[in-house]
Amino acid sequence: MTDHIALRIEFTSDRFDMTGPLPEDSNAGNCFYGEDMCRWLCETLPQWNLDYFDEDWGWMLTSSRNAAGDAPVDHQVCVYAYPPGTANQDGSVSHAGEWMLILHRRAQRPWLKFFMRWRYAAFEAALADDIIAALRAIGAGDLRANTLQMDSAGNETTQIPYTLPTI
């Protein structure tokens with residue numbers, strides 16, 4: 001992974017399940033809320049040709065929509081759920097369920113003489129704007145976003161408030 005800019009979107013919503021039973025057949029036996037959100041985003045944003053799968057940390061949406069000419073591009077949206085009662089970083093307990101989405105983008109680039117390699121790049125602003133518009137349309141609360149400078153190990157090094165697009 002190389003240095004890149006990602007986008008973190010956080011919000012509250014009772015539109016997506018955080019209280020029902022978790023799926024039993026998820027990746028490596030780890031169960032997380034978010035499948036219904038992924039399904040909703042796939043249905044709401046068909047222009048992005050999204051698909052989703054579970055990970056051992058949450059859910060992942062991917063889009064192979066080509067936004068960089070002939071270079072294959074992979075847009076990623078990591079979906080994390082924080083159900084009511086989850087401790088915040090400051091030690092307080094959240095009374096409303098919260099969601100966090102992290103947007104990344106990768107593009108295939110030549111590597112060595114005969115190989116291709118995925119390299120991270122800045123997130124796709126058009127995808128971010130479409131997701132934010134969809135969240136506003138369902139009345140998501142406490143909607144906020146930050147751009148994140150990510151180092152080569154995937155750690156946040158800097159965050160800057162992201163100006164949400166106007167309606």
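How many aromatic pairs does the count come to? With rings of Phe, Tyr and Trp (its six-membered ring) taken to pair if their centres lie within 6.5 Å, the count comes to 5 aromatic pairs. Ring pairs join F16, W40 and W99 in a cluster.

The model discussed here is predicted, with local features requiring pLDDT of at least 70 and side-chain atom pairs counting only at pLDDT 80 or more, while totals for chains, interfaces and linings use all residues. Residues are numbered from 1 along each chain as its sequence is written, and side-chain values use heavy atoms, leaving out hydrogens and water.

Turning to the fold, the protein chain contains 2 helices and 8 strands, taken as DSSP runs numbered from the N terminus (helices H or I, at least four residues; strands E, at least two). Along the sequence these elements follow the pattern β-α-β-β-β-β-β-α-β-β. Of the contacts (heavy atoms within 4.5 Å) with a separation of 6 or more, 56% are between residues 24 or more positions apart. Of the 167 residues in the protein chain, 40% are buried, that is, under 20% relative accessible area with a 1.4 Å probe, protein chains only.

Within α2, the residues L127, A128, I131, I132, A134 and L135 are buried. These residues lie on the same side of α2 because they cover an arc of only 160° around the axis, taken from the directions from the helix axis to the C-beta atoms. Just after α2, G139 adopts a positive phi of about 75°.

Key:
Buried < 20%, exposed > 50% of the residue type's maximum accessible area, 1.4 Å probe, protein only. Phe/Tyr/Trp six-rings, centres within 6.5 Å; stacked < 30°, edge-to-face > 60°.
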